[in-house]
Amino acid sequence: MADRLTQADENLTRFEKVAAGLAIGWLVVAALFFWLLPPARQSGESFDSLRFVLMLIAIFMPVAMIWVAATAARSTRIMREESFRVQMAIDSMRQTYQAAQAQTPEPIVETKLNEIAETARQTQTAVSGFTSRREVSRLIVPQPAPQPPDQQALPLGTPAEEMDPPLDRLDLIRALNFPDDEHDQDGFAALRRTLRDRKARRLVQASQDVLTLLSQDGIYMDDLRPDPVSADVWRRFAKGERGRSIETLGAVRDRASLALASGRMREDAIFRDTVHHFLRKFDQMLVTFEEFATDADLLELAETRTARAFMLMGRAAGTFD
């Protein structure tokens, strides 16, 4: 490669010599031409400026073109030299790296394996928090009570769930927060009573689906700290008010969670449909819940995991804009 650089320098020096010879030769030819040219007749003017300008152009334009070509050749030579130097540096770095890798392969492989193992442990730790929640959710699914073979059906085909007493607001709030662990007996009892209500059961299932999907991205409602929202804002939203007056419902300000949720909303159609279904179910529940709820009930509802998911995903979906 060094031989090629030397050859390029010699060729370019020869070219510059040729360019200089051509320029000098042209100047000599032009000088002889104008010296041997017979003088023009006297026309009353002492100096012809147009003729003088044309003479200058005829003399120096070819010289300028020759040196433009010489300058372009010099630039080409410099670029070629730089390219050769970069290539030599890359080849040298590649050889050094290959030699180092051949000498110490085992520590590098061991380091990579340790990194993979550490990543696996971190992933297991991240999902273990919601794994217990999934086991809890499996335990809370109500099982139908066995019926005697000779039990009569309810008159007019009335579903058994419609014979249950009306759903208590506190039970609904506890159910939407989900049991904290397998020892939360009060939470399980409230959840079982809530799941007997058809509309509430659909909301609980929709909430569980969203919480499960969010946990896949490491987003957990217990980690979020929403800004306080007044009961009056919840009431105005339940009555159909939209716009800037209720934008404080998007009280979750965690940028990382919002970025992850918004990105998945754009890229994952199943996630997007699940979120929209959950938002509709929560909105429908809030309309009937607000009618009989006190301000304390609304504020307690806002502290549930389901309400936090609603505030997070509602803001990500633009519900409060």
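How are α7 and α9 oriented to each other? Let's look at the views one by one. This is a predicted model, in which local features need pLDDT of at least 70, side-chain atom pairs count only at pLDDT 80 or more, and totals for chains, interfaces and linings use all residues. Residues are numbered from 1 along each chain as its sequence is written, and side-chain values use heavy atoms, leaving out hydrogens and water.

**View 1. Helix α7 crosses helix α9.** The axes of α7 (residues 231–238) and α9 (residues 269–292) come within 9 Å and cross at roughly 110°. The two helices are therefore roughly perpendicular to each other (angles of 65 to 115 degrees count as such). Trp 234, Arg 235, Phe 237 and Ala 238 of α7 make the contact with Phe 282, Asp 283, Leu 286, Val 287 and Glu 290 of α9 (contact means heavy atoms within 4.5 Å).

**View 2. Trp 234 pairs with Phe 282.** Their rings form a tilted aromatic pair, 6.4 Å centre to centre with 55° between the planes (ring centres within 6.5 Å make a pair; planes under 30 degrees apart are stacked, over 60 edge-to-face and the rest tilted). Trp 234 lies in α7 and Phe 282 in α9, so the pair ties together parts 48 residues apart in sequence. Trp 234 is buried, at a relative accessible area of 1% (buried means under 20%, with a 1.4 Å probe and protein chains only), and Phe 282 is buried at 0%.

**View 3. Trp 234 also pairs with Phe 310**. This tilted pair has 6.3 Å between centres and 35° between planes. Phe 310 is in helix α11 (residues 305–316), so the pair joins parts 76 residues apart in sequence.

Note on methods:
Axes are lines fitted to C-alpha atoms, for helices over the stretch in contact, and angles run from 0 to 180 degrees between N-to-C directions. Helices (H or I, at least four residues) and strands (E, at least two) are DSSP runs, numbered from the N terminus. Angles under 35 degrees count as roughly parallel, over 145 as roughly antiparallel, 65 to 115 as roughly perpendicular and the rest as oblique. Rings of Phe, Tyr and Trp (its six-membered ring) pair if their centres lie within 6.5 Å; planes under 30 degrees apart count as stacked, over 60 as edge-to-face and the rest as tilted. Buried means under 20% relative accessible area, exposed over 50%, partly exposed in between (1.4 Å probe, protein chains only).
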